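Please find below a note on the model under review.

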Amino acid sequence: KSNRTEMAVQRQGLAFAQKHCSVWHAIDTGISPKPEAPSFEAIINTPGLTAQTLNPGLQDSHNFPEIMNFEIAPEQIDTLAAYMLTLKNADYRPPIQ
């Protein structure tokens, strides 16, 4: 993919996150609006999480808790994952809550 195409996909993922995820999750840095929901920054910086494991994790992650039971379409998972990967930071330290 070209850099321009990649950036467009990341922007689509951000737009999806803003519309569908931001009520629960901090979709960039900081503490989530709902304390029980991890921030995207915390999720993407989980030790051992990779681009290959992120997509299946997103597909399966919203069956708990039941109040969040919704499915994300495969093409939306790809764009959301592309955006979330922009938050990967080798120096990440979880915030003290």
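The numbered points go from the whole chain to the packing of H1 with H4.

1. This is a predicted model, in which local features need pLDDT of at least 70 and side-chain atom pairs count only at pLDDT 80 or more, while totals for chains, interfaces and linings use all residues. Residues are numbered from 1 along each chain as its sequence is written, and side-chain values use heavy atoms, with hydrogens and water left out.

2. The chain has four helices and zero strands (DSSP runs: helices H or I of at least four residues, strands E of at least two, numbered from the N terminus). Of its 97 residues, 33% count as buried (under 20% relative accessible area, 1.4 Å probe, protein chains only).

3. Helix H1 (residues 3–20) packs against helix H4 (residues 74–85) at an angle of about 100°, with axes 7 Å apart (lines fitted to C-alpha atoms over the stretch in contact; angles run from 0 to 180 degrees between N-to-C directions). H1 is therefore roughly perpendicular to H4 (65 to 115 degrees).

4. On the H1 side, the residues in contact (heavy atoms within 4.5 Å) are Val9, Gln10, Gln12, Gly13, Leu14, Phe16 and Ala17. Their partners in H4 are Gln76, Asp78, Thr79, Leu80, Ala82 and Tyr83. The residues of this contact divide into seven nonpolar, five polar and one charged.

5. Within H4, the buried residues are Ile77, Thr79, Leu80, Ala81, Ala82, Tyr83 and Met84. Their cover includes H1, helix H2 (40–44) and helix H3 (51–60).

Notes:
Angles under 35 degrees count as roughly parallel, over 145 as roughly antiparallel, 65 to 115 as roughly perpendicular and the rest as oblique. Ala, Val, Leu, Ile, Met, Phe, Trp, Tyr, Cys and Pro count as nonpolar, Asp, Glu, Lys and Arg as charged, and the others, Gly among them, as polar. Buried means under 20% relative accessible area, exposed over 50%, partly exposed in between (1.4 Å probe, protein chains only).
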